[in-house]
Each structure stands twice: as C-alpha cells, then as structure tokens.
Amino acid sequence: WTTEAFTGWAVRESPASFDDASNRDYEVSGAHVGRAFGAGVSAFRVEATYIATDRVRAAFDSSAGPDQRQTLSLRWAGRHGAWDYDAEGLRQWGDHANLDIDAWYVSAVVGRSLAHDWKPRVALRLDAASGDKDRMDGELGVYAPLFPRPLTYNGDLGPQNQIVVQPMLAIQPHRRLNLDFSTAGLWRTSTHDGVYALSGLVLVQGGQSDARYIGQRFTAAGRYALNPFTTLGFYVNHTTAGEVFKDTGVADDLLYATTYLTFRF
C-alpha cells in the first residue's frame, strides 16, 4: 500500500524568476491511496485520488467566477504478458459562481510490445472529457483539468470538452534513442461548449460553430541519452484545422516544435 495527503497552494508563475510565489487565490488539498498486486508480467496497480480545489476565479466558455471543485479519480493499470493497459475515470462536483458542477473525464490506453530488436510498442488511446451541454440548466458541465502536462498529452489544445482517438507507435532503434509517433482525431464532446487551449483559454466559443470535428493531430517525439545524466529531446506537433475552426473563418493549421536538454543529478 502507498498513501499520501497534501495541502497548499498553486504557484503564481513569473517569467522573471524560478522562485515563484504561492498563489493564495488557488488552494489545493487532497489524498491518494494505491496498492500493487502481482509481480513481473502479470502485475497491476489500483489507485484512488481525491483532490479539492478552491479558486477565486476560473473562466470557461459559458461562465466565469469562483470555482470550488472536488475531483475523485479511480485508476487501474498494469500488464499481462506482452500487453499493457491503463484506465482512469474522474468525477468532478462542487460549485462554480451560482452553478452546480457536474463534470467527468475518462481515459484508457491498451498497448502491446512486439518481439523485435527495436522494441516496438503499438497502442490505442481513448480520451473523453465533458463539456457544458446547456447554458440555462443551472449546471456547469465542463471538466477542468488540474495541472495538465503538455508533452505527455499534447502541445496545443486542452482536454476540456474533447474526445480523442489516438493510435500510437514507440520504437527504440538504438539503446540510447527512443522515438514516439502518434496521430489523433479530435472532436467536441458537446457542440454547445467551446474549444480550449491547454492554458484554459477559450479558442472557439460554443455558439460559433455547430460542427463537432476539431481536427487531426500528428505528433513525433524523441529522446537521446547523451550520458546517464543528460538527455536531448525533441517534440513536434502539427494539428490540421477541422470544421469547428473553419466555421469561425480562421482555419490555419497549427505547428508546434521544440527541443530540450534535461540534466538529472
């Protein structure tokens, strides 16, 4: 068994300093419990996480105001022989401005490792997050991600109000080099809610388009270990604009590319 509990504040990011100050407008607390079962090629793990957040202000397509939100996550992950799997479901409730929060998120990935010198792994990932269905029903149905990690999910759009179907391929052509490739179809869960950036900014409002298709994403990433302490990496993300963006009159594709150097000590 592993357990932990925490409480504190988010940080107020400052581009001029590595010593970011606490953001007293964003309180976070929670607890986590998990247990591992089995061993070797048949091991799996179950986890439960509860997080309570209290934000002075959070903005969505249909509403902005104080946001007191509770999140409960249940996760089951493991492997069986050459197969691996990871499934998680989240439920959110609470109060936002004068609205009741009723939101959810589910994610599942299943993969298989193949017997080859390059150690290929093929996988399929499915993600779905709720969006607001009705601005007049007294509820806010938008899933609010807590602290999303862009390089592990995507480099452009946030998971709010989004359905993602994503085939993936990972290979290791050299013992120091790992490469990952994926493509993903993106759709809106609710056509009455908008499309969000990873930061939470609303890129397209719900009323600007009746379409559901957001676009297609193509991603390539790699990591090369220069030595046991230093890794050179790259990440390229290209997203084509679907009908949702075309209906707004702004249909440019998006290209994001970066390189990075990581030191571990």
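Hi everyone, let's begin with L226, which is partly exposed because its relative accessible area is 40%, between buried (under 20%) and exposed (over 50%), using a 1.4 Å probe and protein chains only. This is a predicted model, where local features need pLDDT of at least 70, side-chain atom pairs count only at pLDDT 80 or more, and totals for chains, interfaces and linings use all residues. Residues are numbered from 1 along each chain as its sequence is written, and side-chain values use heavy atoms, leaving out hydrogens and water.

L226 sits in strand β13; strands here are DSSP runs (E, at least two residues), numbered from the N terminus.

Now to the rings. A search of the whole structure finds seven aromatic pairs, meaning Phe, Tyr or Trp rings (for Trp, the six-membered ring) with centres within 6.5 Å; planes under 30 degrees apart are stacked, over 60 edge-to-face, the rest tilted. One of them is F44 with W76, edge-to-face at 6.5 Å centre to centre and 90 degrees between the planes. That pair links distant parts of the chain, with F44 in strand β3 and W76 in strand β4, 32 residues apart. F44 is partly exposed at 30%, and W76 is partly exposed at 44%.

Next, W187 and Y213 form a tilted pair, 6.0 Å centre to centre with 50 degrees between the planes. W187 lies in strand β10 and Y213 in strand β13, so this pair ties together parts 26 residues apart in sequence.

And which residues do ring pairs link into a cluster? They are F37, F44, W76 and Y85.

Conventions:
Helices (H or I, at least four residues) and strands (E, at least two) are DSSP runs, numbered from the N terminus.
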